[in-house]
Amino acid sequence: MKQNRNLIISGIVAAALIASLGMAGCSTTAGVEATGKTSWDEQGARTLEKNVVFNSSGLKGDIQIVEVKSAMAGDIMRAQATLRSKDKDTLPFQYRFDWYDAAGLEINSGAGSWKPLILYGRETKTIQAVAPDPRAKEFKLKIREPD
Amino acid sequence: MNNSMKAFLAAVAIGTMALSGCASTMQYGDAGSAKPISTEFGSSDLQQIAEAMVDSMITFPPMVELTSARRPVVSVDSVKNKSMQHIDTESITDSIRAKLIRSGKFRFIDRTTDDQTVEELKIQQDSGLVDKKSAVQFGQQLGAEFLLTSNFSEIRQKAGSTTDVYYKFTMSLKNLKTGILEWSDEKEIRKVFKRGTFGG
């Protein structure tokens, strides 16, 4: 009888493990964040301050941000990021660009949408976005695993 | 299988159900979520199309030049929906128009509210309630210089348990005076659904 009880307890532990695995499968990590901020050097030329933060070790093993670039189309800021898959399999991701004005306030806060992205094994791919209006001086690219 | 083994499995099953939760849930979702639910046209598809069209249009070099000094007046034509689905295509063009207005590059006229406009002007002119000096006169609205036209089509293929749907949205900006298409672009979306062995 004692053995039975032990088995039931270990069964509950196993169930907890299975359930936690199931829950972990549903959660989405914050993933990767890459920012690009417009600034001007002494000569008055436009430069871009870049910063890449990995919040997920899983994504860090899958994806690499090779390059972050920006250019202007008239008075509208454009952004491009070059991504490289470190995996040999095809991986799905989602990404979005958020835009900020010169004061660092977000433009159209919360209005952005996630876009699907498929990276084939070891593939290098560029993703682009265009600022919603001429106020944008800074962008933040977020990449995550599909929700 | 002995009794203790059965007890173990039952505990696993009951525990899994209890901990993962079988109850229905209701919660707010992310309006910008890109999670596909089916191969039908969804909210993320609409957002992707609207963003792709606006990004392409406002960065196309002749458009950048055209809009650098002035904000051209544009009218939006209804979408020619050639897909099998009933889609509120006006919602797609509404999103595109809103984004273009917010970019500060274009101005729009809206023919869908003309009836209300005429009614309001008639009241201003004829009811005797409105001061003649401030009453808006007929025939003073601006004419559109460009017409934004669009086509939406769908190719659906089904083989065995796989459904493959390809959507294409094409948009053009027509110069109403010259008839020239000043800009055009398309957005393609592919959605693939594979039915699992156990339904669903």
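**Figure 1. Chain B of a predicted model, with buried residues making up 22% of its 200 residues.** The secondary structure of chain B consists of five helices and six strands. Along the sequence, these elements follow the order α-α-α-β-β-α-β-α-β-β-β. Of the contacts in chain B that link residues at least 6 apart in sequence, 64% are between residues at least 24 apart. Chain B has a mean pLDDT of 91, and 88% of its residues reach 70 or more. Where pLDDT is low, the predicted coordinates should not be read in detail. For the model, ipTM is 0.80 and pTM is 0.82.

**Figure 2. Helix H2 of chain B, residues 43-59.** H2(B) has 17 residues. From its first C-alpha to its last, H2(B) reaches 24 Å, close to the 24 Å expected at 1.5 Å a residue. H2(B) is mostly covered, with 14 of its 17 residues buried. An α-helix has 3.6 residues a turn, so residues three or four places apart point the same way.

**Figure 3. The loop between strands E5 and E6 of chain A, with A:Asn108.** Strand E5 covers residues 91-100 and strand E6 covers 115-119. A:Asn108 is not a glycine, yet its phi is positive, near 50°. Most residues other than glycine have a negative phi. A:Asn108 counts as partly exposed because it has 13 C-beta neighbours inside 10 Å.

**Figure 4. The loop between E6 and strand E7 of chain A, with A:Arg122.** Strand E7 covers residues 124-130. Is A:Arg122 buried or exposed? A:Arg122 is exposed, because 11 other C-beta atoms lie within 10 Å and the cut-off for exposed is 12 or fewer.

How values were computed: Residues are numbered from 1 along each chain as its sequence is written. Chains are lettered from A and ligands numbered from 1 in the order in which they are written. This is a predicted model: local features need pLDDT of at least 70, side-chain atom pairs count only at pLDDT 80 or more; totals for chains, interfaces and linings use all residues. Helices (H or I, at least four residues) and strands (E, at least two) are DSSP runs, numbered from the N terminus. A residue is buried if 20 or more other C-beta atoms lie within 10 Å of its own, exposed if 12 or fewer, and partly exposed in between; C-beta atoms are placed from the backbone. Two residues are in contact if their C-beta atoms, placed from the backbone, lie within 7 Å. The expected span of a helix is 1.5 Å times one less than its number of residues. pLDDT is the predictor's confidence in each residue, from 0 to 100.
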